[in-house]
Amino acid sequence: MVNRFNVRERYGELLELAVQHPAEQIGVEAIQVLLSKQERKPLRELLHGKDAKAAEAAAEALANSGDARARSLLEPVMQDQSRPIALR
């Protein structure tokens, strides 16, 4: 619904869904919608934020998405030696 009607104010809820359900279809689809809508900034902020658990969940959802656009978001995190090993 959010994807079809381009309801931008709901993108934050999609991000929450992805973090809460990174290995489930609903979380993966939420990430795919965000990627298709070019919503990279909130994903980047989450991946580089202080909440390690949320960052790990976002990285898992991105990896599970199978979307090539996720790579540009994940690569800097994987190469950042200051980030926890579980995130990399």
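What average pLDDT does the chain have, and what percentage of the residues score at least 70? The chain averages a pLDDT (the predictor's confidence in each residue, from 0 to 100) of 88, and 92% of the residues score at least 70. This is a predicted model, in which local features need pLDDT of at least 70 and side-chain atom pairs count only at pLDDT 80 or more, while totals for chains, interfaces and linings use all residues. Residues are numbered from 1 along each chain as its sequence is written, and side-chain values use heavy atoms, with hydrogens and water left out.

**Confidence by element**
- Among the elements of the chain, the lowest mean pLDDT, 48, belongs to helix H1 (residues 2-5), and the highest, 95, belongs to H5; helices are DSSP runs of H or I with at least four residues, numbered from the N terminus.

**Ser65**
- Ser65 has its place in helix H5, which covers residues 52-65.
- With a relative accessible area of 8%, Ser65 is buried (under 20% relative accessible area, with a 1.4 Å probe and protein chains only).
- A polar atom of the Ser65 side chain lies 2.6 Å from the backbone oxygen of Leu62.
- Leaving aside neighbours within four places in sequence, Ser65 is in contact (heavy atoms within 4.5 Å) with Val28, Ile31, Gln32, Leu35 and Ala70.

**Helices H3 and H5**
- The axes (lines fitted to C-alpha atoms over the stretch in contact, with angles from 0 to 180 degrees between N-to-C directions) of helix H3 (residues 25-36) and H5 cross at roughly 80° and come within 9 Å.
- H3 is therefore roughly perpendicular to H5, a term for angles of 65 to 115 degrees.
- Gly27, Val28, Ile31, Gln32 and Leu35 of H3 make the contact with Ala61, Leu62, Asn64 and Ser65 of H5.

How values were computed. Helices (H or I, at least four residues) and strands (E, at least two) are DSSP runs, numbered from the N terminus. Buried means under 20% relative accessible area, exposed over 50%, partly exposed in between (1.4 Å probe, protein chains only). A polar contact is a pair of N or O atoms within 3.5 Å; within protein, one must be able to donate a hydrogen and the other to accept it, and residues adjacent in sequence count only if both atoms are side-chain atoms. Angles under 35 degrees count as roughly parallel, over 145 as roughly antiparallel, 65 to 115 as roughly perpendicular and the rest as oblique.
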